[in-house]
Amino acid sequence: MDLDAFAWLLTDDGQRLLARATEMAGDGSALAVQTALRKDETAEHVAAAMTQVDLRRKAGAKFGDLAPKMYFTPDGLEQATRLAVAHHRAARLRAFDAASVIDLGCGIGGDLIASARAGLTAAGVDHDPERVAVAQANLDALGLPGAVTVADATGVDHSPFDVAYADPARRGAQGRVFSAEGWTPPWSWVETLFARDACVKVAPGIPHDLVPDDVEAEWVSDRGEVKEAALWSGSLASTHRRATVIGERGLATLTSEDDPGADVGAVAEFLYEPDGAVIRAGLVTAVAAGVQGHLVDEHIAYVTSSASFETPFARGYQVLEELPYREKQLKAALRERGIGKLTIKKRGVQVVPEQLRKRLSLSGSAEATIVLTRVAGEGTCLLVQPF
């Protein structure tokens with residue numbers, strides 16, 4: 001991003017160009033809009049405006065109705081926390097009576113925005129001047145207090161703040177970085193934060209054995225998608241493992257204290273598919289306890305019960321019947337039932353749903369859902385109906 005062009009975009013003239021580009025983008029192709037705008041503006045200014053128009057459109061999924069007022073960089077938007085998740089995190093900080101937070105690697109300011117909206121005194125640092133400029137512009141555009149500056153997070157004195165928050169970059173020049181020590185800042189620095197009240201955003205796939213015993217690991221899903229894990233230390237840690245599910249009806253949370261364990265048994269009348277955050281947190285047996293059920297296999301994240309429950313932590317299905325697991329016999333059984341449109345759920349078996357659906361060559365008028373999994377170690381196919 002051209003910082004001079006971005007700074008100009010924040011001026012009155014730049015805002016008029018951005019508004020014009022936004023209006024024209026709704027009626028014409030990007031090339032036609034750029035060509036028209038370049039009759040009156042420089043190529044650099046038009047490029048800056050069109051970039052924001054495009055990124056604001058893409059940002060709607062993460063930032064909702066705030067997106068049209070905000071500013072972004074492509075990688076900053078990709079790495080930004082979804083606003084619903086950031087709001088949850090800020091609410092947790094307020095619940096623990098935190099009054100101030102420093103964001104050590106603030107990016108474009110998504111978490112700063114959530115913290116400021118929650119009433120926290122928020123400050124951010126980032127080593128990238130472009131991201132700092134965008135983060136400050138976002139706070140200003142939304143009328144929120146907060147300070148942002150260019151600095152190396154590892155050299156910042158964060159002791160004056162109640163909470164230190166960090167979101168280490170997990171992508172480098174060669175793509176995604178899987179080793180925690182290869183993050184920026186590295187895991188060895190992240191561990192130093194755990195000596196105080198801190199929260200660190202990490203990838204959902206973080207190994208459980210990497211999390212210190214006195215640190216809480218929380219996996220968060222938003223509308224069925226696992227978005228992140230967060231590590232809470234000091235007085236902010238209230239359990240060992242937590243799964244938080246954000247959905248249309250609000251927020252629900254499940255912890256290791258809710259998990260008495262569960263047995264393994266035969267498939268009953270109802271089947272439950274736990275939310276991804278629950279699975280990542282290792283709390284599938286807590287879901288089993290919640291629906292008065294058990295596991296279908298000790299290594300498979302499916303729960304079964306003779307009772308029907310609505311739970312935010314799992315999708316529920318009524319088991320209609322068991323169908324043949326072998327492909328040839330399954331194809332015959334589905335055709336016999338007139339099934340032409342098939343949803344294939346699978347877990348713990350080597351099946352590619354798209355390829356299997358193509359090989360089945362179904363043509364009936366009925367719709368159905370099947371679950372391919374293992375029950376007591378054996379491949380099993382269940383005909384189910386969502387409820």
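Welcome to this predicted model. Since the model is predicted, local features need pLDDT of at least 70 and side-chain atom pairs count only at pLDDT 80 or more, while totals for chains, interfaces and linings use all residues. Residues are numbered from 1 along each chain as its sequence is written, and side-chain values use heavy atoms, with hydrogens and water left out.

**Cavities**

- A cavity is a set of points, on a 1 Å grid over the protein atoms alone, where a 1.4 Å probe fits but cannot get out, and lining residues have an atom within 4 Å of a point.
- Grid points are joined across faces, edges and corners, and a volume is the space filled by probe spheres set on the points.
- By this rule there are 2 cavities of 30 Å³ or more.
- The second largest cavity, where we began, has a volume of about 40 Å³, and its lining consists of His-208, Val-211, Val-215, Ala-217, Trp-219, His-240 and Arg-241.
- The largest cavity holds about 80 Å³ of space.
- Around the largest cavity sit Ala-86, Arg-89, Ala-90, Leu-93, Val-101, Asp-103, Asp-111, Leu-112, Ser-115 and Tyr-165, a lining of 6 nonpolar, 1 polar and 3 charged residues.
- At least two lining residues of the largest cavity come from each of α6 (83-95), β1 and α7, and α6 gives the largest share, 4 residues.
- The element names refer to DSSP runs numbered from the N terminus: helices (H or I) have at least four residues and strands (E) at least two.

**Pockets**

- A pocket, by contrast with a cavity, is an open set of points with protein on both sides within 12 Å along at least five of seven lines.
- The volume of the largest pocket is about 810 Å³.
- Its lining has 42 residues, and Gln-79, Asp-167, Pro-168, Arg-170 and Lys-201 lie nearest the centre of this largest pocket.
- Two or more lining residues of the largest pocket come from each of α5 (74-79), β1 (100-104), α7 (110-117), β2 (121-126), β7 (198-202) and β9 (225-233).
- The lining of the largest pocket has 16 nonpolar, 10 polar and 16 charged residues.
- The second largest pocket contains about 620 Å³ of space.
- Among the 23 residues lining the second largest pocket, Thr-311, Pro-312, Phe-313, Ala-314 and Arg-315 are the closest to its centre.
- For the second largest pocket, β10 (241-247), β11 (250-255), β12 (270-274) and β15 (314-323) each provide at least two lining residues, and the lining as a whole has 10 nonpolar, 6 polar and 7 charged residues.

- Axes are lines fitted to C-alpha atoms, for helices over the stretch in contact, and angles run from 0 to 180 degrees between N-to-C directions.
- The axes of α2 (residues 12-25) and α4 (residues 43-63) come within 9 Å and cross at roughly 55°.
- Helices α2 and α4 are therefore oblique to each other; angles under 35 degrees count as roughly parallel, over 145 as roughly antiparallel, 65 to 115 as roughly perpendicular and the rest as oblique.
- The α2 and α4 crossing is right-handed; a crossing is right-handed if the near helix is turned clockwise from the far one by less than a right angle, and left-handed if anticlockwise.
- In contact (heavy atoms within 4.5 Å) are Leu-17, Leu-18, Ala-21, Thr-22 and Ala-25 of α2 with His-45, Val-46, Ala-49, Met-50, Gln-52, Val-53 and Arg-56 of α4.
- That contact of α2 with α4 has 8 nonpolar, 3 polar and 1 charged residues.
- Helices α12 (residues 327-336) and α13 (residues 353-360) have axes that come within 10 Å and cross at roughly 65°, and are therefore roughly perpendicular to each other.
- The crossing of α12 and α13 is right-handed.

**Backbone details**

- Most residues other than glycine have a negative phi, and most peptide bonds are trans.
- Thr-184 and Pro-185 are joined by a cis peptide bond, with omega about -5°.
- Ser-361 has a positive phi, near 50°, and lies in the loop between α13 and β17 (366-375).

Key
Ala, Val, Leu, Ile, Met, Phe, Trp, Tyr, Cys and Pro count as nonpolar, Asp, Glu, Lys and Arg as charged, and the others, Gly among them, as polar.
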